[in-house]
Amino acid sequence: MMKSNRSRELTRREFLGLAGLGVAALGGCGVLPGAGRGSLPSAPGAAGTGRIRTYSLEASTLDFHLDGRIVRTWGYNGIAPGPEIRVAEGDTLRIRVKNELPADTTIHWHGLPVPNAMDGVPDVTQPPIRPGDDFTYEFVVPTVGTYLYHSHAGLQLDRGLYGPLIVEPRKGSLAYDREHVLLLDDWLDGLTGRNPEAALAGLQRSGGMGGMSSGTMDYPRYLVNGRTADDPETLIVRRGEQVRMRLINAAAETVFRFSVAGHSLTVTHADGQSVEPVEIDTLRIGMGERYDVLFQTDNPGVWQIAAAPENKSGIARALLRYGESRGTSPPPPGHYPSELGGKLLSYADLLVAGRESFPSEGLLGGLDRSHHVTLSGGMGDYVWAIDGQRYPDADTLIVREGEWVQVTLRNMSMMAHPMHLHGHFFQVRNGTGRGPFKDTVLVEPHMGELTFDFVADNPGNWFFHCHNAYHMESGMARVVSYGR
Ligand code: C2O
Ligand code: CU
């Protein structure tokens, strides 16, 4: 029985939740919407708090301080990375974006299943915001977790046009003493006359020579929170604390391997969604992925927090300093902690926490649709494709509202691709039947294969693409479209 004080219609998500719980639950023993399968990460329609949180972001050119010199780049509100946005689940987020750039722009709320018109993909969900114009995004924040916002126009992600978007639970939380957000990035803009558009032209030229079949770029700098390894941020802790770190890979072209020297890490969330805690020494984080980790401060000293770019030279770092350890000198910039070679997180270790999984037990009655897609490119010319087609000259992938959809990705290229689906969380098939809910997933090179499932519960046209900005720009994207 519906509770009598609920006058509005059930949302799709609540409907799925109740459907999954079966007749007994509907028979009136007080199962609340939101329990059981209803606690799959929410699509729009989640009940709001009614509280409106207003932000404004002005995109403009700015001076960016890098190793004591000043470079010109593009960012938000005069800083790079952009300001942190921190709200609670169910709040209404209202963000006015003013475009003072010399180019069109939009902002995408990466990982959050917002209503389609608020998703910020130029020419797919909205016309681009022209120079001098503004646009206001507004949506009820559908779920907790660690997200990022970034420009979705061209290669703008590879400038300073990104920032953290943190959604706290309405109440209750992990127990921890301190929290730090770490944004990882690769940086070339403004250095030695480089900018992203010139970098793409360079890739296209050298790709044509055939000698760069992997087509990856060494960047002049790698950053944590906008700071280089020579000028790192220092995170102060005290002995005996539980520290939470929210890791966000905002790089355009770089997968990082992350460790904290002298400490092991407990992974608690993947792409904002909770997982069963898993102990590791190191993890790989693809572009667009996020992990939340906890660690215990039980090893006083000054330690390297290291993000080593995969298949590239250089390092991004911050420092972990125990307040008690005065006078201890920090590790040198180029120090690679031995933990980087320790126990490595794999997707197979991640189990969804406190939530039903959907391939089993007949949610929706069974699989309704599957798409098999092949990722290719990087051989000879610098072109990247999905099923041989390059966006925008590409077919849409059709789904219908309410379907349980399965996508299998096969990577025929020699680079890993962090594939990102807008507007939905998907559940990664990792052989456990309880894979994590994510929105971005690394598909390994050399015929790497990966399958995920999602419920088509958020109608619209949704971008699905490689989160390597240069691959996206070179065609590795599709639109997932709700047909009738
Ligand atoms: Cu983070 Cu389509 O993007
Ligand atoms: Cu890619």
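Two strands are said to pair if DSSP finds at least two bridges between them. In this predicted model, strand 4 and strand 6 (residues 134-140) meet that condition, with 7 bridges in the antiparallel sense. One place to look at this pairing is Arg94, which stands opposite Glu138 in strand 6.

Strand 4 has another partner. Strand 1 (residues 52-66) is joined to strand 4 by 8 bridges, and these two run parallel. Here Tyr55 stands opposite Ile95 in strand 4.

The next stop is the copper ion (ligand 2). Three residues coordinate the copper ion: His417 through ND1, Cys466 through SG and His471 through ND1, at 2.0 to 2.1 Å. Along the sequence, these donor residues follow the spacing H-x48-C-x4-H. The two histidines link distant parts of the chain: His417 lies in strand 24 (residues 417-421) and His471 in helix 3 (residues 469-473), 54 residues apart.

The same cut-off can be applied to these histidines. The relative accessibility of His417 is 0%, so His417 counts as buried. His471 is also buried, because its relative accessible area is 0%.

Key: Residues are numbered from 1 along each chain as its sequence is written. Chains are lettered from A and ligands numbered from 1 in the order in which they are written. This is a predicted model: local features need pLDDT of at least 70, side-chain atom pairs count only at pLDDT 80 or more; totals for chains, interfaces and linings use all residues. Side-chain values use heavy atoms; hydrogens and water are left out. Donors are N, O and S atoms within 2.8 Å of the metal (3.2 Å for Na, K and Ca); water is not among the atoms, so sites may look incomplete. Helices (H or I, at least four residues) and strands (E, at least two) are DSSP runs, numbered from the N terminus. Buried means under 20% relative accessible area, exposed over 50%, partly exposed in between (1.4 Å probe, protein chains only).
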